[in-house]
Amino acid sequence: QVQLVESGGGLVQAGGSLRLSCAASARTYIMGWFRQAPGKEREFVATITWSRGSTYYADSVKGRFTISRDISKNTVYLQMNSLKPEDTAVYYCAATTVGATIRPRDYPYWGQGTQVTVSS
C-alpha cells in the first residue's frame, strides 16, 4: 500500500500561482496529478517518473504547470502559474507501477484531493 497526502490548495485570483505537494509513503514508478471539476470526469494533468524525473503534461496546462519531485522527501510537487478559472477543480495525486499511462483507472493509489479555486 502507498499512502498519498496532498496539500497546498486554496483560493487564488486568475493569473495567480499555487504549489501543490504530495507526500508519498513509498516511491512507485510514476506519480501523476489529476483533477476533477464538478460534473466532469477526472482528467489527467501531469506525470513524473521517480527515477529519471521524466515529465508529461496535458495540453491544457503545458507551459503553465510544472511537475517536479524531491526524492529525499518522497514528495511530488505541482507548481501552477497563470491560473485560469477553468483550472478550478479538486486536484488529486496518484501513484502507479503500471508504466507510462495517463488513464486514471491505471492508478491504484490516490490521495484525498485538495481544492483549487480560481476566481475571475
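A residue is called buried when its relative accessible area is under 20%, exposed when it is over 50%, and partly exposed in between, using a 1.4 Å probe and protein chains only. This is a predicted model, in which local features need pLDDT of at least 70 and side-chain atom pairs count only at pLDDT 80 or more, while totals for chains, interfaces and linings use all residues. Residues are numbered from 1 along each chain as its sequence is written, and side-chain values use heavy atoms, with hydrogens and water left out.

**Aromatic pairs**

- Rings of Phe, Tyr and Trp (its six-membered ring) pair if their centres lie within 6.5 Å, and planes under 30 degrees apart count as stacked, over 60 as edge-to-face and the rest as tilted.
- Across the whole structure, six aromatic pairs are found.
- One of them is the tilted pair of Phe34 and Trp110, with 5.1 Å from centre to centre and 55 degrees between the planes.
- Phe34 is buried, because its relative accessible area is 0%, whereas Trp110, at 25%, is partly exposed.
- Phe44 and Tyr56 are stacked, because their planes lie at 25 degrees, with ring centres 5.7 Å apart.
- Phe44 is buried at 11% relative accessibility, while Tyr56 is partly exposed at 47%.

**Cluster and charge**

- Phe34, Phe44, Tyr56, Tyr92, Tyr107 and Trp110 are linked into a cluster by ring pairs.
- A charge sits over a ring if NZ of Lys or CZ of Arg is within 6 Å of the ring centre and within 35 degrees of the ring normal.
- The charged end of Arg42 sits over the ring of Tyr92, 3.8 Å from its centre, and Arg42 also lies over the face of Trp110, at 4.7 Å from the ring centre.
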